[in-house]
Amino acid sequence: MSAEVGTPEPALAATLVAAVHAAAQRWPGRIAWRFDPGDQLTFADVNRLTAGYAQALSDRGVRAGDRVAVLLSNEAAFPLTWLALSRLGAAAVPVNTRYQTADASHVLTACRASAIVTGAQFGPLLERLPADVPTLARTIPAAELATDAARAGTPGGFTPPDPAATANVQFTSGTTGRPKGCLLPNRYWALLAASMVNEFPYLGPADVMLTAQPFHYIDPQWNVAAGLLAGAELVILDGFHPSSFWAKVRAHQVTYFYCLGAMPGLLLRMPASPEDRRHRVRAVQCSAIPPALHATLE
């Protein structure tokens, strides 16, 4: 168990935006997110920029109850947009960055999103989609949001959304048919994050978390929520690279990470090294691991 494990106050466990605000009050100068490669943001930065993104989205017509698609890579704009939408009482619809025309069209039509926040690299995909996909009528460049948010002043007060308000329309992977949208309220994220602080892995301010999965998956998002509640630093890689994964774990002094599916098996296939046991990891969570690998992994 890490040091400084504590029980979150009820206000911290209500909504995502309340967690952002409380983290900035408790740990303003501590690193919240460290992108590798990329920038780093303190908890105060996250609070300030979340408010700035929310204002920029509001200026573009986003309102409480709206659904907004988010098609972005592992960059600060993704979690900032997600948290900003929650601040407005709107819902994010994370879109798989590997989608091709059919799945992207299906998700953007099925979710009934009123807008999409995206980057220039996804322009070619959007251009291939049918013109009658309603979400495409309002495309919001993430770079514009970032510019406007950077100009914003000190965050003012806010009215936390109803904990029952939808924070995500999270689509399944589509392994058993077309992707299906799951409605996740603010309360879902609050309870999940609180469980990671009050129960295993007992995250606290002394921890450094790591995620290598794309932000459109659900696990990097709950890592963000848990980090805000715990005061833990979250390291975000640009993707999962088996050959360099443990080097990143060592370089960032990681104490906790989550992995799934093929990831552990791919790590086991890497050549053994004297450096393999030189790390600070104290807890790992895994899912969808082939039974034949359980004993070796443990």
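Two strands are taken as paired if DSSP finds at least two bridges between them. Helices (H or I, at least four residues) and strands (E, at least two) are DSSP runs and are numbered from the N terminus. The structure is a predicted model, in which local features need pLDDT of at least 70, side-chain atom pairs count only at pLDDT 80 or more, and totals for chains, interfaces and linings use all residues. Residues are numbered from 1 along each chain as its sequence is written, and side-chain values use heavy atoms, with hydrogens and water left out.

Strand β5 (residues 115-118) is joined to strand β6 (residues 139-141) by three bridges, and the two run parallel. Within this pairing, T118 has P141 of β6 as its bridge partner. Between β5 and β6 the chain passes through helix α5 (residues 123-128), and the resulting β-α-β crossover is right-handed; that is, with the strands pointing away from the viewer, the path from the first strand over the helix to the second runs clockwise. Strand β5 also pairs with β3 (residues 67-71), in the parallel sense and over four bridges. In that pairing I116 of β5 stands opposite A69. The side chains of A115 and V117 point one way from β5, those of I116 and T118 point the other way, and all are buried. Burial is assigned by relative accessible area: buried means under 20%, exposed over 50%, and partly exposed in between (1.4 Å probe, protein chains only).

A six-stranded open sheet has the order β2-β1-β10-β9-β11-β12, with mixed pairing. Its edge strands are β2 and β12, each of which pairs on one side only. On average, neighbouring strands of this sheet are turned by 15° against each other, direction ignored. Angles run from 0 to 180 degrees between N-to-C directions, and axes are lines fitted to C-alpha atoms, for helices over the stretch in contact. Helix α8 (residues 218-230) packs on the sheet and touches β1, β9, β10 (233-237), β11 and β12, while its direction makes about 165° with that of β9. Contact here means heavy atoms within 4.5 Å.

At one end of this strand order, β11 (residues 256-260) and β12 (residues 283-287) run parallel and are joined by five bridges. The chain goes from β11 to β12 by way of helix α10 (residues 263-268), in a β-α-β crossover that is right-handed. Two of the residue pairings can be named: F257 has V284 of β12 as its bridge partner, and L260 has S287 in β12.

Aromatic contacts were assigned from ring geometry: rings of Phe, Tyr and Trp (its six-membered ring) pair if their centres lie within 6.5 Å, and planes under 30 degrees apart count as stacked, over 60 as edge-to-face and the rest as tilted. By this rule there are ten aromatic pairs. One of them is formed by W33 and F35, which are edge-to-face at 6.5 Å centre to centre, with 85° between the planes. Both W33 and F35 are buried. W246 and F257 form another edge-to-face pair, at 5.7 Å centre to centre and with 75° between the planes. W246 lies in helix α9 and F257 in strand β11, so this pair ties together parts that are eleven residues apart in sequence. W246 is partly exposed at a relative accessible area of 23%, whereas F257 is buried at 2%. These two residues belong to one aromatic cluster made up of F240, F245, W246 and F257.

The peptide bond from D36 to P37 is cis, with omega near 0°, and P37 is found in the loop between β1 (31-36) and β2 (40-42). A cis peptide bond also runs from F200 to P201, with omega near 10°; P201 is placed in the loop between α7 (186-198) and β9 (208-211). Positive phi in a residue other than glycine occurs at Q253, where phi is near 55°. Q253 lies in the loop between α9 (242-251) and β11, and counts as partly exposed at 38% relative accessibility. A288, also a residue other than glycine, has a positive phi near 60°. The loop between β12 and α11 (294-297) contains A288, which is exposed with a relative accessible area of 63%.
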